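Hi everyone, thanks for coming.

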Amino acid sequence: MNKIIALSVVTSGLLIAGGYKIPEQSLNSMALGSAYVAHTTDADTAYFNPANMSFLDNSLNYLESGITLAHLPSNTFKGVQYLPGIGGVATSSKSETENLPIPYFHYVAPAMGKWRFGLSMTAPGGLTKRWKSPVQKTFAEEFTLENIELNPVLSYKINEKFSVGGGIRLVYSMGKVYSDGNDLGVPFKREMEGDTIEFGYNLALAWKPTSDIAVGITYRSKIDLDEEGEANLYLGNVGQQYDATVSVPLPAALNIGVSKTWNDTLTVEFVYERTFWSAYKTLNFDYDSAIQPGLVSSFDDPKLKDWVDTNTFKFGVTYEMNEKLTLMGGYAYDETPVPTKTLSYELADSDAHVFSGGFKYKQNEQLNWGVAVLYDLKESHTLELGENENGIVGKFTDGGALLITLGISYKF
Amino acid sequence: MSKIRALILAVSVLLFVGCGSLDKPTNEKVVGGEVVVDLDGNSIKTSLIAAGTPGIDENSTVYGYKAYKIPYTTTDEEGNSVAVSGLMVVPLGLPEVVYSTLGLSLVSDSHGTIFPNAEAPTEVAGTTNSPDGSSILLTSLGGFVTLQADYIGFGDSHGHYHPFILKKSLANATVDFISAARDFASHNEINLNGQLFLTGYSEGGYTALATLEKIEAETSLDVTMAAPMAGPYDVNRTAFGVLSQDTISVPSFMADIAYAYALAYDEDVLMVVNEPYASKLEGLFDGFHTRVEIDAELTTQTTGEEGLFSQSFVYDFFTNSNNWFREAVGENNVHTWGPQTTVKLIHCEGDDVIPFGISQIAEATMNAYGAADVSIVPVETVLGIPEPVGHVACGAMAYSIATNIFAQTRAATIGY
């Protein structure tokens, strides 16, 4: 247990994009709202478009590290929860506020002929949602999914205008699912923790048709996070432990970005992202033996998710004010993959507007540092009677996220 | 490149810090047993309402309960000591004066015929944590502490053959469990008031009467009242009845009697049961097969070359008064004595498995032996049901009557 807690402090995941994917993994990407695929210029190129590593200075090592401090305000729900055998229970509740540090690291090695190596360590997806109110904790006292990705990549420079890249995704994932209905008179309680190491891949393409236009396409494969661990299931005050598994997908994502630079100072980039969330059909817990019959419908029967593929439209601007200071800003519109029909308290997601900005300061020829801020504004989400299969009728408001990234990069 | 390797190593160490194991559930610790169910009254009431239980609504008083699995030792037919188990179900939510001053009354509820070990009381409670049918009536609605011995052959003694309708070891397992439960209560501050009721349905009804006979004959235990329900008290007559029929509707019951009696009386089951059935019995009664599975492996034809029982054995049973089985079933009758405790023989007049006449014979026989107060409680008449009720459907009705009779007695004597 202590190990789990130690790891959580370092890598707690959060929700800042639709679903539980976290696109922003560096100073530049945070400041640009992840409109950062075609025109990538620092060590984070290894992650955002490894093909572009071919167009960095061939002789240099690029390093970047930083930390994102995430503040996740409460979700608010006002409405009624319908429960079998109990009926409608009026509830006005807030989820817990979360404050999380998320580190990242990127590295690009000097070129070796036409090849170039890079490495990233990121937290590409995650979710932490905790409720203490009786109704909500019956379903999601805590629902946490934490991922760390180690992503070694290679690029191959085909010519001065065209490069390809790709890599292996090594994802360590840890999940926690806690729920407790006793405060509501439902004598069911669940504690589950599990983890897994999974593999995937990513591909990238960079094309610079002219000196001021860049095109980037990246694809990150779907990874099924097959969490394996233990589950304690309680009926009343008596619990039993089972070996348990549950699988959730880290979805595939396709990014297509185009950038245009004017006078080597102003760059505008547009990115379209398609995230293939439709892979998330059900949430299905499996146990090594039959569980107590009274708990089957709550903890064993598959829960329908039926998420849908999403579109995200990102727009970023980079302006080099002078030799020392670079300003960045971005906006994105991010669709939620969660249909009203299957929305639940562990992820009461909705469409979002993402605003971001930041700066980067060149301390000297080798060292840069900067600060970026991102604000994720979630739209409210109203569920009418009969719309939601989980018995939720009411309105979710607030939520979203405020993130501040402190980054430092070094070239040598 | 050495810097890169160092970096990968450092990151890998961070990555592969694995999860520890989730601590096992921290269930309540008790002396001499373990808690296997702990449910409050509202939870049970909610589930009863959701299940559409007749007579239960938001205004009903439903007590919660804790169920404890208690290991203890008893003696089998052969006189050997056997480690067995039983379930003690204690009501929660009664007025505090009951726990502090008045004390709780015990009901020893002997379970009916089961074949798979998974149906034993402690196994059901331990694996499902779900309210058991008779415990709901006796404990959650009646407010009694309910005792359910697994019997020899089930629970902790799974692997030992079950002494089906063999009164000595069934009574041993029940009486020893009553003593073990009282010890458990004293060690765990469960305040009992000394009242003891006996009941049980079908095989449990037989066991309840066998238990009363043993208690009155051999112990100083004081039984407040016994209410055996639909038991084959006259085993001799039951055997004659079954073996004189051309077919047996449920062959597993009689086959199990033959199997258990052959083992207990050290007789060769091959002389009783025809092949290929005789060789199957040990496997069929291993505690892993259901009644339906067992019946499917047997025949409903009573005797003859293709029948379940050997024709020569059946002929000898009917014609030879010294036939070992005839003597054995006579020894295992539980109605040929005169109880000094009040006995209510609860039975449905429409019982299609254990005929109502068995209770009438038991009543008459026990009265003839000088019983103090034995009477029959006909279920349909008491409940005002115009149609006869069969053996299976009768169970819940009979339990509700027993619960009411016990509750009235407790109210008249203890005050709640």
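At what angle do helix H6 and helix H7 of chain B pack, and how far apart are their axes? H6(B), residues 167-187, and H7(B), residues 203-218, pack at about 75 degrees, with the axes 8 Å apart. So H6(B) is roughly perpendicular to H7(B). On that wording, under 35 degrees counts as roughly parallel, over 145 as roughly antiparallel, 65 to 115 as roughly perpendicular, and the rest as oblique. The axes are lines fitted to C-alpha atoms, for helices over the stretch in contact, and angles run from 0 to 180 degrees between N-to-C directions.

Before going on, some housekeeping: this is a predicted model, where local features need pLDDT of at least 70, side-chain atom pairs count only at pLDDT 80 or more, and totals for chains, interfaces and linings use all residues. Residues are numbered from 1 along each chain as its sequence is written, and chains are lettered from A and ligands numbered from 1 in the order in which they are written. Helices (H or I, at least four residues) and strands (E, at least two) are DSSP runs, numbered from the N terminus.

From H6(B), the contact uses Lys167(B), Leu170(B), Ala171(B), Thr174(B) and Val175(B); the H7(B) side includes Thr207(B), Glu213(B) and Ile215(B). Contact here means C-beta atoms, placed from the backbone, within 7 Å. By class, that contact has five nonpolar, three polar and three charged residues. Ala, Val, Leu, Ile, Met, Phe, Trp, Tyr, Cys and Pro count as nonpolar, Asp, Glu, Lys and Arg as charged, and the others, Gly among them, as polar.

Now another pair in chain B. H5(B), residues 133-141, packs on H16(B), residues 391-413, at about 20 degrees, with axes 10 Å apart. That makes these two, H5(B) and H16(B), roughly parallel. Among the residues that meet are Leu137(B) and Leu141(B) from H5(B), and Tyr399(B) and Thr403(B) from H16(B). The contact of H5(B) with H16(B) has five nonpolar, four polar and no charged residues.

What about sheets? Chain B has an open one of 10 strands, ordered E1-E2-E3-E4-E6-E5-E7-E8-E9-E10, with mixed pairing. Strands pair if DSSP finds at least two bridges between them. E1(B) (29-30) and E10(B) (373-378) stand at the edges with a single partner strand each, so one side of each has no neighbour in the sheet. Inside the order, E5(B) (104-110) and E7(B) (192-201) pair in the parallel sense over six bridges, and Val107(B) has Phe197(B) as its bridge partner in E7(B). Helix H2(B), residues 41-50, lies across E2(B), E3(B) and E4(B), at about 100 degrees to E3(B).

Zooming out, chain B divides into domain 1 (29-234 + 335-413) and domain 2 (236-331); such bounds come from an automatic or database domain assignment. Their C-alpha centres lie 28 Å apart.

Last stop, chain A. Here E11(A) (223-235) and E12(A) (238-250) pair in the antiparallel sense over 13 bridges, and Ala231(A) has Tyr242(A) as its bridge partner in E12(A). The two strands, E11(A) and E12(A), form a hairpin with two residues between them, and Gly236(A) in the turn has a positive phi of about 65 degrees. E12(A) is also joined by three bridges to E16(A) (285-287), running antiparallel, where Val246(A) stands opposite Phe285(A).

Definitions and conventions. Contact = placed C-beta atoms within 7 Å.
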